[in-house]
Amino acid sequence: MSDNDENHLIAERRAKLAKLRASGIAFPNDFRRNALAGDLLTAYGERPAEALEAAAIRVSVAGRMRAKRVMGKASFIKLEDSTGAIQIFLQHSALGEI
């Protein structure tokens with residue numbers, strides 16, 4: 001990449017940032033987790049899928065996505081935080097369009 005291309009990319013990014021700042025907070029940080037991966041593993045790790053579906057537990061977890069496997073209308077994600085790693089199953093029919 002030449003210096004001219006790099007300068008052009010930096011200018012584009014700065015313009016996008018200025019537009020975000022003009023519309024409000026450029027990098028909002030209002031997400032709050034209420035669960036840790038290790039605690040979820042301890043509480044629910046041994047339960048069968050049917051019991052988890054029936055319970056319909058809603059949690060907010062923050063971490064790093066270590067793996068993503070997309071298989072048509074279903075996907076699996078491995079999410080890791082400081083306490084452990086969990087696998088998340090995502091299904092198009094349950095999530096709908098984004």
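This is a dialogue about how to read a few features of one predicted model.

Colleague: Before we look at any feature, what should I know about the numbering and about the predicted model?

Modeller: Residues are numbered from 1 along each chain as its sequence is written. The model is predicted, so local features need pLDDT of at least 70 and side-chain atom pairs count only at pLDDT 80 or more, while totals for chains, interfaces and linings use all residues; side-chain values use heavy atoms, with hydrogens and water left out.

Colleague: How many residues does helix α1 have, and what span should they give?

Modeller: Helices (H or I, at least four residues) and strands (E, at least two) are DSSP runs, numbered from the N terminus. The expected span of a helix is 1.5 Å times one less than its number of residues. Helix α1 covers residues 3–22, and its 20 residues should span 28 Å, which agrees with end C-alpha atoms that are 28 Å apart. After α1 comes G24, whose phi is positive, near 140°.

Colleague: Which strands pair with β2, and over how many bridges?

Modeller: Two strands pair if DSSP finds at least two bridges between them. Strand β1 (residues 64–71) and strand β2 (residues 74–81) run antiparallel and are joined by seven bridges, whereas β2 and β3 pair in the antiparallel sense over eight bridges. To follow the pairing residue by residue, start with A67, whose bridge partner in β2 is K78, and then take K68, which stands opposite I77 in β2. I77 in turn has I88 as its bridge partner in β3, and S75 has L90 as its partner in β3.

Colleague: What lies between the strands in the two hairpins?

Modeller: The hairpin of β1 and β2 has two residues between the strands, and G72 takes a positive phi near 70° in that hairpin. A hairpin also joins β2 to β3, through two residues.

Colleague: Which side chains meet in a salt bridge?

Modeller: A salt bridge is a side-chain nitrogen of Lys or Arg within 4 Å of a carboxyl oxygen of Asp or Glu. By this rule the count comes to one salt bridge, and it is formed by the side chains of R66 and E80, at 3.4 Å from N to O. R66 lies in strand β1 and E80 in strand β2, so the pair ties together parts that are 14 residues apart in sequence.

Colleague: Is E80 buried, exposed or partly exposed?

Modeller: Buried means under 20% relative accessible area, exposed means over 50%, and partly exposed is in between, with a 1.4 Å probe and protein chains only. At 29% relative accessibility, E80 counts as partly exposed.

Colleague: How far apart are the ring centres of F76 and F89, and at what angle are their planes?

Modeller: Rings of Phe, Tyr and Trp (its six-membered ring) pair if their centres lie within 6.5 Å, and planes under 30 degrees apart count as stacked, over 60 as edge-to-face and the rest as tilted. The count by this rule comes to one aromatic pair. The rings of F76 and F89 have their centres 5.2 Å apart and their planes at 45°, so the pair is tilted. F76 lies in strand β2 and F89 in strand β3 (residues 84–91), so the pair ties together parts that are 13 residues apart in sequence. F76 is partly exposed, with a relative accessible area of 22%, and F89 is also partly exposed, with 45%.

Colleague: Where is A56, and what is its phi?

Modeller: A56 sits in the loop between α3 and β1, and it has a positive phi of about 50° although it is not a glycine. With a relative accessible area of 53%, A56 is exposed.

Colleague: Where is V59, and is it buried, exposed or partly exposed?

Modeller: V59 lies in the loop between α3 (49–55) and β1, and its relative accessible area of 39% makes it partly exposed. The C-alpha atoms of V59 and L40, 19 residues apart along the chain, are separated by 9.2 Å. L40 has its place in helix α2 and counts as buried at 15% relative accessibility.

Colleague: What can you tell me about G38 in the helix?

Modeller: G38 is found in helix α2 (residues 37–44), and at 14% relative accessibility G38 counts as buried. G38 and N7 are 31 residues apart in sequence and 44 Å apart in space, C-alpha to C-alpha.
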